[in-house]
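Let's read a protein structure together, one feature at a time. Have the picture at hand as we talk.

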Amino acid sequence: MRGLAFDQRGSSTWLVYGIGVSYNDAFLDTLARANGGQYVHLSAMRQAVDLFAGEVQVMGEIALTQLVVTLEPMPGVELVKVDRIVPQTAALPVHTPGFLSADLGDVDKARGQKLLLQLAVPALGVGDHALL
């Protein structure tokens, strides 16, 4: 087992290796998932070097970790639907009475993340209006 990516708060992401043929597959998978990481089975120790090098490269591309976004519309504006469209499409949960609080995970430097919001807006007069 090897812990990766300690941040300022002391949390970590785990990359857990199962090497050979005799180890507890279910335990290692549970350990990795519980720590926000991944479990990988290796048939030989030499594979660990390549995997670890790849993980270090990915860590260098991360701009933010454990990003959480919270959106609450102004009175009269309804947050109907929220989708993340970059880096992968995923619907995000909208909670009653119409606010969003979602864990977006890691944000890489190149792509970032983009959200698409569907709002129900009442008729408004001409001018600038705050919606969120």
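Q: Where is confidence lowest, and where is it highest?
A: The general idea is that pLDDT is the predictor's confidence in each residue, from 0 to 100. Here the protein averages 79, and 89% of the residues score at least 70. Confidence is lowest in strand E1 (residues 2–4), with a mean of 36, and highest in strand E9 (residues 114–120), at 89. Over residues 1–10 the pLDDT stays under 50. Where pLDDT is low, the predicted coordinates should not be read in detail.

Q: How much of the protein is buried?
A: A residue is called buried under 20% relative accessible area, exposed over 50%, and partly exposed in between (1.4 Å probe, protein chains only). Buried residues account for 23% of the 132 residues.

Q: Is Val 21 buried or exposed?
A: Val 21 is exposed, because its relative accessible area is 86%. You will find Val 21 in the loop between strand E2 (13–19) and helix H1 (25–34). Its C-alpha atom is 9.9 Å from that of Ala 44, 23 residues apart along the chain.

Q: And Asp 83, buried or exposed?
A: Asp 83 has 14% relative accessibility, so it counts as buried. Its place is in strand E5. To list its neighbours we need the word contact, meaning heavy atoms within 4.5 Å. Not counting residues up to four places away in sequence, Asp 83 touches Ala 90, Ala 91, Lys 114, Leu 115 and Leu 116.

Q: How does Glu 78 read on the accessibility scale?
A: Glu 78 is partly exposed, because its relative accessible area is 47%. Glu 78 lies in E5, which covers residues 78–86. Beyond its neighbours within four places in sequence, Glu 78 is in contact with Gln 118, Leu 119 and Ala 120. The C-alpha atoms of Glu 78 and Gln 118 are 8.6 Å apart, although 40 residues separate them along the chain.

Q: Which residues form the largest nonpolar core?
A: A nonpolar core is a set of buried Ala, Val, Leu, Ile, Met, Phe, Trp, Tyr and Cys residues joined through side-chain atoms within 4.5 Å. The largest one has eight residues: Val 69, Leu 71, Leu 79, Val 82, Leu 92, Leu 100, Ala 102 and Leu 104. Strand E4 (62–71), E5 and strand E8 (99–108) each give two or more residues to this core. E8 gives the most, with three. Another core lies apart from it, with five residues, including Leu 15, Val 40, Leu 42 and Ala 48.

Q: What is the order of strands in the open sheet of three?
A: Two strands pair if DSSP finds at least two bridges between them. The order in this sheet is E4-E8-E7, with antiparallel pairing. E4 and strand E7 (94–95) stand at the edges with a single partner strand each, so one side of each has no neighbour in the sheet. E4 and E8 pair over seven bridges, and Leu 64 stands opposite Val 107 in E8.

Q: Which backbone atom lies 3.1 Å from a side-chain polar atom of Asp 108?
A: That is the backbone nitrogen of Ala 110. Asp 108 itself is in E8 and is buried, because its relative accessible area is 15%. Leaving out residues up to four places away in sequence, Asp 108 touches Glu 61, Ile 62 and Ala 63.

Q: Which peptide bond is cis?
A: Look at the bond from Val 86 to Pro 87, which is cis with omega near 10°. Pro 87 is in the loop between E5 and strand E6 (90–92).

Definitions and conventions. Residues numbered from 1 in each chain as written. Predicted model: local features only at pLDDT ≥ 70, side-chain atom pairs only at ≥ 80, totals over all residues. Heavy atoms only, no water. Helix = DSSP H or I, 4+ residues; strand = E, 2+ residues; numbered from the N terminus. Polar contact = N/O pair within 3.5 Å; in protein donor to acceptor, adjacent residues only side chain to side chain.
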